[in-house]
Amino acid sequence: MSSPFQLSSDYSPKGDQGQAIAKLVKSIEAGNRHQTLYGVTGSGKTFSMANIIQKIGKPTLIMSHNKTLAAQLYSEFKNFFPHNAVEYFVSYFDYYQPEAYIPRSDTYIEKDSSINDEIERLRLSTMGSLLTRNDTIVIASVSCIYGLGSPDDYKGMMLPCWVGQEIGRDDFLAELVSLLFERNDVAFGRGKFRVRGDVVEIHPAYLDDTAIRVEFFGDEVDRISSINSLTGTVIDRIENHTFYPAKQFVTSKEVMKTAMVKIKEEMKSSVEAFEKEKKLVEAQRIRMRTEYDLEMMEEMGFCQGIENYSRHLTGRQPGDTPYSLLDFFKEDSLVIIDESHATIPQVRGMYAGDQSRKSVLVEHGFRLPSAMDNRPLKFDEFMDKTCQRLYVSATPGPFEIVNSRADNKGYLSVIADEERGIEPIRLRDLKIQPSTSFEKIDQFNPKARDRQLIVEQIIRPTGLLDPVLEFLPLIGQIDATIELCHDRVAKNERVLITTLTKRTAEDLSEYLQGAGLRVSYIHADIDTVERVEILRALRAGEFDILVGINLLREGLDLPEVSLICILDADKEGFLRNETSLIQTAGRAARHLNGRCVLFCDVMTDSIKRLIEVTNSRRARQISHNEKHGITPQSVKRAVQESLQQYSETKQSAEAKSVSLVAEDELVYNAVEVLKQLQEEMLEASGKLEFERAAHLRDQISELQNRMKSQDVAVPAKKVVKKVSYRKKKS
């Protein structure tokens with residue numbers, strides 16, 4: 001049976017990629033539930049993943065531990081598979097404050113959120129593709145383990161429409177309303193429809209700028225067209241179209257009525273329990289909240305926070321596993337967990353945090369007990385719902401290692417390869433016990449027991465080596481860092497410096513600026529758009545040195561960086577453990593002059609392991625290069641060009657004499673231009689084009705300054721703060 005996936009690429013597997021792809025495909029086809037791709041930075045793991053998907057031919061879920069890396073993977077796989085359904089599924093909240101209650105201060109925090117319409121559209125598109133296509137690849141964050149509506153209900157609510165279908169216009173409109181579409185003849189947008197006589201135009205929530213026009217002749221569908229949602233011009237004539245529900249939580253009227261009865265019964269039971277315990281405030285609170293939600297559900301078919309009633313809406317029993325995106329996949333599917341050393345612990349920790357918050361809400365009458373069943377999957381539930389898993393990481397964690405290859409004697413065939421003379425090692429040598437408290441280690445397929453399930457991808461097609469390691473004492477580490485930075489800046493190369501705290505990162509940035517260096521810092525308090533802009537500016541040479549803490553690790557592709565300075569490297573802990581050191585050092589593995597300097601007085605176990613791993617990788621890459629006559633070359637990748645800035649220093653003398661707009665209409669036009677720029681910035685952010693959004697934000701700020709200098713009224717609406725290269729605030 002041929003694969004439904006068509007891989008489009010100008011490259012073929014090189015280096016270690018070919019053997020890694022072949023071994024992993026063989027393992028997956030043998031039915032193994034666990035396999036690990038141990039691939040170093042710059043070895044082309046993403047390309048290997050694409051080849052594996054193409055050869056296996058199964059619907060695939062690719063999980064990442066954060067939205068930014070997921071967006072990067074989404075872009076790459078869209079290019080690899082332009083003829084297949086590549087979907088993006090992450091949390092659709094730009095801002096999310098969960099509902100919570102603090103008993104100590106009697107403070108109730110209402111749920112507050114800002115939904116990104118573009119991401120919501122992509123989520124709905126994902127659900128539809130999984131139910132209707134066999135060639136779907138979904139790039140997702142851990143949002144995929146959170147509760148969704150039943151896939152059976154979602155599929156049962158789909159509305160097929162075809163030319164010649166016998167259905168009256170009014171019946172068709174009623175069906176659209178049952179799918180939670182809203183009628184709006186004025187403000188036409190996603191999830192809405194408008195009616196003009198016998199013509200109905202519907203803008204599906206999963207389409208961007210395309211709507212569907214359905215024309216009736218009597219009680220029959222006469223014509224169906226795809227149209228531009230803005231202009232109304234016809235794009236194409238089509239024979240049929242299937243409309244998906246406009247919301248992620250959707251159910252039929254019959255199921256809704258049954259659920260409402262059960263919700264009322266649970267409410268009465270909760271009220272009685274509170275009154276029995278003399279908690280009259282809590283009893284009144286839960287009654288008012290639930291009755292209001294029931295009224296909304298009866299009138300609108302929906303209410304805010306309807307997901308808290310998902311157990312009743314899906315007919316589950318207390319404690320049953322909730323539905324999630326994983327239920328939309330067919331049983332025979334593949335799950336690839338990218339950066340598994342970070343993603344697996346994240347999946348494991350979601351359930352406990354959610355239950356802790358909701359138990360307080362239930363105890364104080366803000367939610368019914370059934371809200372506890374609107375939750376992320378437990379880790380063992382996640383494992384049960386996923387059939388075959390491929391873990392991908394440069395630093396696999398204990399869970400991946402133990403499950404991918406461990407025999408009854410405690411031996412682990414980790415990266416074992418007879419051709420390369422690598423012997424199996426004991427689990428205890430990795431400080432892992434076979435009887436570890438992880439959820440049960442799956443039994444291996446007997447036919448595949450001797451197959452290698454952890455596969456190396458160490459050789460880089462570019463021939464680049466792991467960075468050279470150098471160790472300097474803690475005393476004078478700042479002065480030594482300044483000297484190293486000056487040396488790299490003189491060569492037009494970039495530097496990353498990692499510290500242990502946000503305060504240190506900010507103070508060090510200010511100190512380095514005083515030493516005449518162009519520097520910025522980055523940490524978790526900086527928003528996503530600004531992070532992307534800072535990284536782009538580093539690559540573009542707008543500054544030379546970036547100071548960070550824990551963000552300068554997985555997923556950063558910075559070919560211009562040739563030096564990594566790790567301050568206080570011997571402070572053993574989360575930020576200086578083996579995984580962190582290997583991942584951080586790997587950021588210099590894309591440059592020919594890659595070097596990593598660790599400031600330490602003690603050789604910790606993590607540093608010793610970094611040395612061991614680095615020396616091993618360098619030796620193997622050197623051997624491969626000599627054998628195949630490869631000359632190492634730095635990775636080269638274009639930097640996205642900035643949009644034209646309103647900067648005086650970049651304008652020619654002729655341009656300076658020309659007004660941005662006509663002088664006699666300065667106020668009107670300047671305000672209009674500002675408004676258009678704001679709209680474009682929000683649109684770019686919604687489409688995950690963070691770099692473009694950051695450039696537009698800078699244009700907005702510059703235009704606002706010019707308007708103020710010319711006494712032009714600037715709209716009071718606040719946009720987004722301008723990027724500054726992190727000069728410390730006084």
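This is a predicted model: local features need pLDDT of at least 70, side-chain atom pairs count only at pLDDT 80 or more; totals for chains, interfaces and linings use all residues.
**Notebook: charges and salt bridges**

I started with Glu-560, which makes a salt bridge to Arg-539, with the closest N and O atoms 2.8 Å apart. Glu-560 sits in the loop between β25 (545-548) and β26 (561-566) and Arg-539 in helix α15 (residues 528-540), so the pair ties together parts 21 residues apart in sequence. I checked burial too: Glu-560 is buried at 18% relative accessible area, and Arg-539 is buried at 9%.

Next I counted salt bridges and got 29 in the structure. I looked up Arg-213 with Glu-201, where the closest N and O atoms are 2.8 Å apart. Arg-213 is buried with 15% relative accessible area, and Glu-201 is buried with 3%.

Then I went to helix α17 (residues 605-628), which holds both Glu-612 and Arg-609, 3 residues or about one turn apart. Their side chains form a salt bridge at 3.0 Å, N to O. Glu-612 is partly exposed at 48% relative accessibility, and so is Arg-609 at 26%. I also found a network: salt bridges with shared partners join Glu-99, Arg-289, Asp-293 and Arg-367.

Which residues gather in a patch of negative charge on the surface? I listed Glu-166, Asp-171, Glu-175, Asp-219, Glu-220 and Asp-222. Glu-166 is in the loop between β9 (159-162) and α6 (169-178), and is exposed at 73% relative accessible area.

Last, the whole chain: I noted 20 helices and 27 strands, with 51% of the 730 residues buried.

How values were computed
Residues are numbered from 1 along each chain as its sequence is written. Side-chain values use heavy atoms; hydrogens and water are left out. Helices (H or I, at least four residues) and strands (E, at least two) are DSSP runs, numbered from the N terminus. Buried means under 20% relative accessible area, exposed over 50%, partly exposed in between (1.4 Å probe, protein chains only). Patches are made of residues with over 30% relative accessible area and no salt bridge: like charges are joined within 9 Å, nonpolar side chains (Val, Leu, Ile, Met, Phe, Trp, Tyr) within 5 Å. Accessible areas come from the Shrake-Rupley method with a 1.4 Å probe; for residues, only the protein chains shown count as cover. A salt bridge is a side-chain nitrogen of Lys or Arg within 4 Å of a carboxyl oxygen of Asp or Glu. Lys and Arg count as positive and Asp and Glu as negative; His and the chain ends are not counted. The place of a charge is taken as NZ of Lys, CZ of Arg, CG of Asp or CD of Glu.
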